[in-house]
Amino acid sequence: AGIAPDIAALVERRKKSFGAGSVLFYDEPLKIVRAEGAHIHASDGRAYLDFYNNVPTVGHCHPKVVEAVRKQMGEFNIHSRYLFDVAHDYAEKLLATYPASLSNLVLTCTGSESNDLALRLAKKASGGEGFVVTKTAYHGNTSAVTEVSPSSYKQGGPPRHVRMVPPPDPALFGNDVAQGFADAVAAAIAGMEADGIRFAGLLVDSIFSSDGVYADPPGFLKAAVEVARKAGGLFIADEVQPGFGRTGEGMWGFSRHGVEPDIVTMGKPMGNGYPIAGVVTRPEILADFCADFGYFNTFAGSPVATAAALAVLEAIEEDDLIANAAHVGRHLAARLKRLAARAPITAVRGAGLYIGVEFGTEEGPAPEIAKGLINGLRRHGILIGAAGGYGNVLKIRPPLCVTTDHVDQLVDAMEELLG
Ligand code: PMP
């Protein structure tokens, strides 16, 4: 049928204004007109079930968040060098979800800014400069953070101070993922130190999203964290993706592993779409850094941003979303595992409402199947994406308010498409 004329015209305008920086999903991109809960309504008159977007984590246009932002915006909004209650109500409620040692919060506007600050904190605290990250990691877009985001390298490898380890994949490390991954981290540290680079820290997304979603067995990260600390480095947990209840087992991905990070970074779901992100660390790490540099971020921690984020924390509690992530996630994983017995699926991995479905055949990874499904599911009115080093892992990451009925719609459609 070809692309609808109004969509084609918008794509042209977009190319003209945004040039090579413009990235769009789908050959015929969706034009959004409104969204609610787990659904996005498009200009084609259809309501799409959203299994892609983790930013609107408590549901698209959650009335509580909308009202909190509207109200605060109408009262006052200003930078954080004045006193106002909502920032403190938020900080205290958020920090109460953390281990007692992690008692200071720095607010930023994006996950990238959070990771950028985390790198600086770790360098100051360790006296080192080298970082270990996973091979297909993404941690953000500043110049320093791009260097520790191998998935962003379009050509060439990492700079000398960045060393990569494989993802914690049982297919690589066998039954002892913990030991295998820890050994890989130890070898990476030894390699950088042999090159005269002092180790500063291990930075990982605690559910390894862009590597292809690796969650199990819980606890496997512990050995690698011990290796990093023994070598004088810090452990930075990037919770931008797993954080705020997505794994269905408490608020943070790192807690599934029984580890206490030195630095935690957050973003994406924190304001349900209003830009707010942050770093949590121990007071001495922050004080030591601030003695040298200080930190100010104009828009960060504003009254409106913290009002949005406070409403998100309240909605997670009131709507019982962590329990929902666990319950609906179990149903999703169980159905996908049944499907895997009859389809070219080589693994179903993840926790709660973050599931990766890896496609492969005898010839190896099968990104074309994942790609076919992404387009096929769109025709079925379902939005979804892919991850992993080969792009062969369907990444299932819906708002946490999805139901078992929504999951059935997804898996029924996958069954039909794969059949
Ligand atoms: N860390 C992880 C794990 C991410 O997935 C992302 C964003 N995709 C970021 C950091 C960067 O966040 P932002 O886009 O808000 O800068």
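**Entry 1: the two domains.** I started with the spacing and found that the C-alpha centres of domain 1 and domain 2 lie 25 Å apart. I keep in mind that this is a predicted model. For the bounds I went to the domain assignment, which gives domain 1 as 31-58 + 320-418 and domain 2 as 63-318.

**Entry 2: where they meet.** Next I looked up the contact between them: domain 1 puts in 25 residues and domain 2 puts in 29 residues. Which elements give two or more residues to the side of domain 1 that touches domain 2? I noted helix H11 (321-340) together with strands E11 (345-351), E12 (354-361) and E16 (393-396). H11 has the largest share of that side, with five residues. I then sorted this side of domain 1 by class and got 14 nonpolar, eight polar and three charged residues.

**Entry 3: the core.** On to the largest nonpolar core, which has 131 residues. I asked which members touch the most others, and the list reads Val-185, Ala-224, Ala-308 and Val-312. Helix H10 (residues 303-318) is the top contributor here, giving eleven residues to this core. I also checked where the core draws from: domain 1 and domain 2 each supply at least three residues. A reminder to myself: in soluble globular proteins, nonpolar side chains tend to be buried together.

**Entry 4: a look at Val-185.** I picked Val-185 from that list and set aside its neighbours within four places in sequence. What is Val-185 in contact with beyond them? I wrote down Val-132, Val-165, Leu-202, Ala-224, Val-227 and Ala-228.

Technical notes
Residues numbered from 1 in each chain as written. Predicted model: local features only at pLDDT ≥ 70, side-chain atom pairs only at ≥ 80, totals over all residues. Core = buried A, V, L, I, M, F, W, Y, C linked by C-beta atoms within 7 Å. Buried ≥ 20, exposed ≤ 12 C-beta atoms within 10 Å, placed from the backbone. Helix = DSSP H or I, 4+ residues; strand = E, 2+ residues; numbered from the N terminus. Domains from an automatic or database assignment. Contact = placed C-beta atoms within 7 Å. Nonpolar A, V, L, I, M, F, W, Y, C, P; charged D, E, K, R; others polar.
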